[in-house]
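Subject: Structure handover

Hi,

Here is the structure for you to look over. My notes on what turned up follow below it.

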Amino acid sequence: MNKTIRRASVFALLLVLALLVRATWVQFYDGKALADDNDNRRNVIQTYSRPLGNIIVAGNAITGSTRTKGSDLAYKRTYTDGSLYAAVTGYASQAYAPTQLEGIYKDLLNGTDNRLKTVLDTLTGKRADPGNVLTTIDPDVQKAAYRALSGKKGAAVAIDPKTGKILAVVSTPSYDPSELTDANTAGSAWKRLNADKDKPLTNRALRQPLPPGSTFKLVVAAAALEDGLYKNVDDPTDSPDPYTPPGTTHVLVNENTSAPCKNASIRVALQYSCNNVFGHMAVQLGQDKVKAMAEKFGFNDDKQDVPVRAYASVYPSGMDQPQTAYSGIGQFDVTATPLQMAMVSAAIANGGKLVSPHMVSQITDSGGDVLQNYDDGADTKEIVSSSTAEQLQSAMETVVKDGTGTNALIDGATVGGKTGTAQHGENNSKTPYAWFTSFAKSGSNGKEVAVAVMVEQSDAARSEVSGNGLAAPVAKAMMQAAVK
């Protein structure tokens with residue numbers, strides 16, 4: 001074989017080898033990437049080729065699937081009481097990526113989760129029957145929150161302190177996920193919902209941290225008791241009234257100028273929501289100690305999954321003393337979600353221990369066999385001592401019996417709470433946010449619940465905006481439903 005032919009043969013062989021390598025790469029690497037691409041129409045066709053699995057509340061499916069007409073997508077998702085449960089389910093859409101539980105468990109619900117496959121399914125490549133998601137949501141508590149928040153822009157969360165089960169997640173105004181399920185009509189609904197100034201697609205309960213106002217005083221009180229700055233909630237504090245933080249001439253005043261806030265005990269300071277006490281207390285402790293306590297409760301956690309990823313609630317660093325004082329009353333750059341403030345009350349109500357909050361109890365296969373039980377794996381962390389928790393419970397009960405939270409009283413139950421009215425806008429120029437966080441314990445059946453309510457906007461006059469006036473009645477409705 002002459003030299004020219006030999007070189008041509010080697011070159012041809014190298015070309016064949018390159019083609020084989022490329023074909024192998026496409027088949028085993030690029031092929032998977034292409035198959036998993038969200039823009040691959042075949043994936044959507046396969047997902048909606050048959051009914052999806054369901055999301056379950058109290059034994060009843062709140063989702064379903066229905067046959068379509070005139071489409072290559074055989075089925076579409078349906079929802080029962082869609083607006084009521086939108087903050088829980090999210091949506092499964094033929095046109096848009098799924099959200100909330102629909103998104104987290106999409107593989108389980110469409111049958112592609114490997115845990116659903118039998119040995120035969122694995123060998124044949126057959127798609128398994130879809131599984132189901134069993135939630136911890138209590139429909140009575142969910143409905144109570146949704147009705148009480150009707151006409152308001154706000155959110156609410158309820159947690160069982162003993163188990164960590166989330167009993168309600170509500171965000172208003174809501175939307176009907178059914179509007180987004182059909183690829184032929186979802187586009188117009190998507191534009192309208194995103195253009196709505198009230199942002200109905202935003203999950204305010206989990207994913208919109210706002211200044212928590214005076215509800216944050218519970219965290220500062222916990223830090224003071226755990227640090228030993230004050231031994232119990234009835235010791236007088238060192239609290240000038242009015243209080244001028246070091247390094248500023250701006251006076252920290254109280255909403256109720258006639259309240260007995262000078263050197264008030266923690267109990268009285270919570271009862272009357274004394275800004276001077278907790279602003280001074282935060283400065284006395286220093287921002288690092290307040291931050292440490294806030295983080296024990298869950299602030300600054302950017303991986304707070306329930307299992308939906310909640311936005312982190314924030315307690316800032318690098319503050320000067322005036323800023324630290326304002327952080328002590330839940331202002332400056334402090335932010336919290338209703339989930340976070342419900343966690344604060346849950347830990348206090350549960351003797352200082354926080355059971356990891358979760359809104360999915362189990363996931364199962366199509367036959368009902370449990371693939372994972374989240375109730376058994378809920379972590380428990382000690383946030384404060386049982387003594388501190390008992391003292392804060394007692395002080396919170398005083399707030400409801402004789403203080404700023406009387407609208408949360410429930411016959412036959414022990415109720416403790418804390419109001420909050422958070423400033424909004426430059427120089428408090430916008431309508432304040434109304435907060436209430438609380439717990440209730442039945443006197444007859446042992447049931448307990450911790451809740452947090454945030455009202456961002458309502459029809460109430462600015463002068464009538466308060467945690468007790470707007471948020472406490474919502475919390476009361478939820479607590480009554482939970483402990484009945």
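Start with Glu179, which is partly exposed at 27% relative accessibility (buried means under 20% relative accessible area, exposed over 50%, partly exposed in between, with a 1.4 Å probe and protein chains only). This is a predicted model, in which local features need pLDDT of at least 70, side-chain atom pairs count only at pLDDT 80 or more, and totals for chains, interfaces and linings use all residues. Residues are numbered from 1 along each chain as its sequence is written, and side-chain values use heavy atoms, with hydrogens and water left out.

**Salt bridges**

There are 13 salt bridges in the structure (a side-chain nitrogen of Lys or Arg within 4 Å of a carboxyl oxygen of Asp or Glu).

Glu179 pairs with Arg192, with 2.2 Å between the closest N and O atoms. Glu179 sits in the loop between β7 (166-172) and α8 (186-195), while Arg192 is in helix α8, 13 residues apart. (Helices are DSSP runs of H or I, at least four residues; strands are runs of E, at least two; both are numbered from the N terminus.) Arg192 is partly exposed, at 45% relative accessibility.

Lys484 and Asp140 form another salt bridge, at 3.1 Å from N to O. This pair links distant parts of the chain, 344 residues apart. Lys484 is in the segment after α17 (467-483), and Asp140 is in helix α7 (residues 139-148). Lys484 is exposed, with a relative accessible area of 58%. Asp140 is partly exposed at 34%.

Asp227 meets Lys289 at 3.0 Å, N to O, again in a salt bridge. Asp227 lies in helix α10 (residues 217-227) and Lys289 in helix α13 (residues 287-297), so the bridge ties together parts 62 residues apart in sequence. Both ends are partly exposed: Asp227 at 37%, Lys289 at 43%.

**Thr398**

Is Thr398 buried or exposed? Thr398 is buried, with a relative accessible area of 13%. Its place is helix α16 (residues 386-402). Beyond neighbours within four places in sequence, Thr398 is in contact with Arg267, Gln271 and Gly403 (contact means heavy atoms within 4.5 Å). The C-alpha atoms of Thr398 and Val268 are separated by 8.3 Å. Along the chain, those two residues are 130 residues apart.

Best wishes
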